[in-house]
Amino acid sequence: MHLPDLTDAEASLLGEMRERLSAQIAQAGGALPFDRFMEAALYEPGLGYYVNGRRKFGESGDFVTAPEVSPLFSRCLARQIAECLVNLGDGCVLEVGAGSGRMAADTLAELETLGVLPERYLILELSPSLQQLQCDTLDRDVPHLRSRVEWLSQLPTDGFRGVLVGNELLDAMPVHRFRRCGDAWQELSVAVDNGAFVDHWTELQSVGMEQALAGIWPDPGEVVDGYSSELNMRLVPWLRAVAESLTAGYVILIDYGYTQREYYHVERSQGTLICHFRHRAYTDPYLLPGLADITANVDFSALAHAALAQGFELCGYTTQVHFLIDNGLEQMLASSDPNRVKQHMALMQGVKKLTLPGEMGERFKVMALARKSSPALSGFRTRDMRDRL
C-alpha cells in the first residue's frame with residue numbers, strides 16, 4: 001500500500017522515535033520483546049503515538065471512532081450508564097482513554113437530559129495533548145458541565161463507586177506475539193539490522209506465555225507450522241487493578257474483537273495486529289513507529305475469564321448494533337426531524353456506519369461487568385452472546 005508522504009515535522013518525530021527505540025533495543029542486549037516495542041511506539045514520553053500531540057481522530061487524523069461517527073453512539077451509551085447509576089443509587093463515571101473528548105461531552109449532555117448527572121465525570125488520560133483536546137471539547141460543547149469533569153493519571157487509589165467505560169481501550173494495550181515453529185512455540189522480539197527493525201524469534205521467555213498458550217491449545221500438535229498470533233498479557237493485571245479500585249459498580253467495554261475460538265481460528269493464521277496512518281491500514285509495525293496507531297483485536301473470551309477470576313459478574317456480551325438498539329437507537333433516529341434534510345441525512349449515514357455488519361455493527365462488541373451490583377442490564381436484552389465465550 002502507498003502511504004502518504006510525511007511532513008517535515010513527522011519525519012523528524014519518526015527519526016527521533018527510531019533512535020529512541022534503537023537505544024532501548026541496545027540496552028536490552030540487542031533484542032526487545034515485542035510488547036515493550038509496541039508500548040514505546042505508542043506511549044514513549046514525548047514521542048509515542050498517543051502522547052506526541054499529533055492529530056489522531058476524525059477525518060483529518062488517522063481513524064474515526066464511533067463517538068466521532070455519530071452523537072447517537074454516546075447518547076445510547078449514556079442510557080446504559082444511566083441505568084447503572086440508578087441501580088447503584090449514586091456514583092461517578094470514569095472514562096479511560098477519552099480520545100477527543102467527544103464521547104464525554106455527548107454522554108454528559110444525555111445524562112443531563114435523563115436527569116442522571118453524576119457529581120463527577122472522571123477521565124483517565126496520560127497524554128497532556130489529549131487532555132487539552134478533551135478540555136477544549138468540553139468547554140466548547142458543554143461548558144456548564146465542565147466543573148464536574150476531573151482528569152486522573154491512574155485509577156483511583158482510594159476506590160470509587162460508579163461506572164468505568166472504555167471505548168477502543170483494550171485494543172491499544174501492548175501485546176506479545178508468538179508463532180509455532182516445528183514442534184515448539186517461539187516469542188517475537190525486535191532487533192536492529194543495518195539500521196532497520198527486524199523480527200527476532202526466540203524460545204518463550206515472558207512469564208505466563210506458556211501457560212496461556214496451553215490454555216488455548218491443550219494439544220499444540222494441532223497448530224500448523226508457521227501459525228502466528230498475539231496475546232494480551234497485560235489484560236489480567238489491568239483487570240486486577242480495576243477490581244481493586246472499583247468498590248461497587250460496572251465496567252462497560254466496547255472494542256473490536258472475537259471469542260477465543262474465532263480469534264485463534266486456523267484461517268486467522270497471522271494474527272490481528274494492524275496499523276493505521278491517515279486512514280490507511282497496513283500490517284508492518286516497524287514502518288512508522290510513533291506516527292501510526294498499532295492495535296490488536298480483543299480476545300473477549302480471555303477478558304470474560306479474567307473478569308470472573310477477579311470477582312466480577314458478567315452482565316452480557318453482544319454486538320455493537322444490538323447494544324445500541326437496546327439502548328434506544330431506533331427511537332432517537334425516529335425523533336430526528338426529516339425536514340432538516342442535511343442534518344437528518346448526516347445522522348442516517350452515521351447510524352449506518354455504526355450498525356451495518358460490513359461497518360462497525362458486527363465487528364465491534366460490547367461487554368459489561370458488574371461488581372457488587374445487579375448484573376441485569378438493558379443493553380443485552382435482545383441478543384446476549386455469553387454462551388459463545
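Which residues are exposed on the other side of H6? I began with that question.

I am working from a predicted model, where local features need pLDDT of at least 70, side-chain atom pairs count only at pLDDT 80 or more, and totals for chains, interfaces and linings use all residues. Residues are numbered from 1 along each chain as its sequence is written, and side-chain values use heavy atoms, leaving out hydrogens and water.

**Entry 1, helix H6.** I took helices (H or I, at least four residues) and strands (E, at least two) as DSSP runs, numbered from the N terminus. I checked the length of H6, residues 128–141, first. Its 14 residues should span 20 Å at 1.5 Å a residue, and the end C-alpha atoms are 20 Å apart, which agrees. The expected span is 1.5 Å times one less than the number of residues.

Next I looked up burial: buried means under 20% relative accessible area, exposed over 50%, partly exposed in between (1.4 Å probe, protein chains only). Leu130, Gln134, Cys135, Thr137 and Leu138 are the buried residues of H6. They cover an arc of only 160° around the axis, so they sit on the same side of H6. The arc is taken from the directions from the helix axis to the C-beta atoms. Pro128 and Arg140 are exposed on the other side of H6. That settles my opening question.

I then asked what the buried residues of H6 pack against. I found helix H5 (102–114), strand E3 (121–124) and strand E4 (149–152). Contact here means heavy atoms within 4.5 Å.

I located glutamate 168 in the loop between strand E5 (160–167) and strand E6 (176–181). Glutamate 168 is buried yet has no salt bridge. A salt bridge needs a side-chain nitrogen of Lys or Arg within 4 Å of a carboxyl oxygen of Asp or Glu. The nearest side chain of opposite charge, arginine 363, is 7.0 Å away. Not counting residues up to four places away in sequence, glutamate 168 touches Thr65, Ala66, Ile254, Asp255, Tyr256 and Phe364.

I noted 18 aromatic pairs in the structure. Rings of Phe, Tyr and Trp (its six-membered ring) pair if their centres lie within 6.5 Å; planes under 30 degrees apart count as stacked, over 60 as edge-to-face and the rest as tilted. Phenylalanine 178 and tryptophan 217 have ring centres 6.0 Å apart and planes at 70°, so I logged the pair as edge-to-face. Phenylalanine 178 is in strand E6 and tryptophan 217 in the loop between helix H7 (209–216) and strand E9 (228–231), 39 residues apart. Ring pairs link Phe178, Trp185, Trp217, Tyr227, Tyr258, Tyr263 and Tyr264 into a cluster.

Key: Lys, Arg positive; Asp, Glu negative; His and termini not counted.
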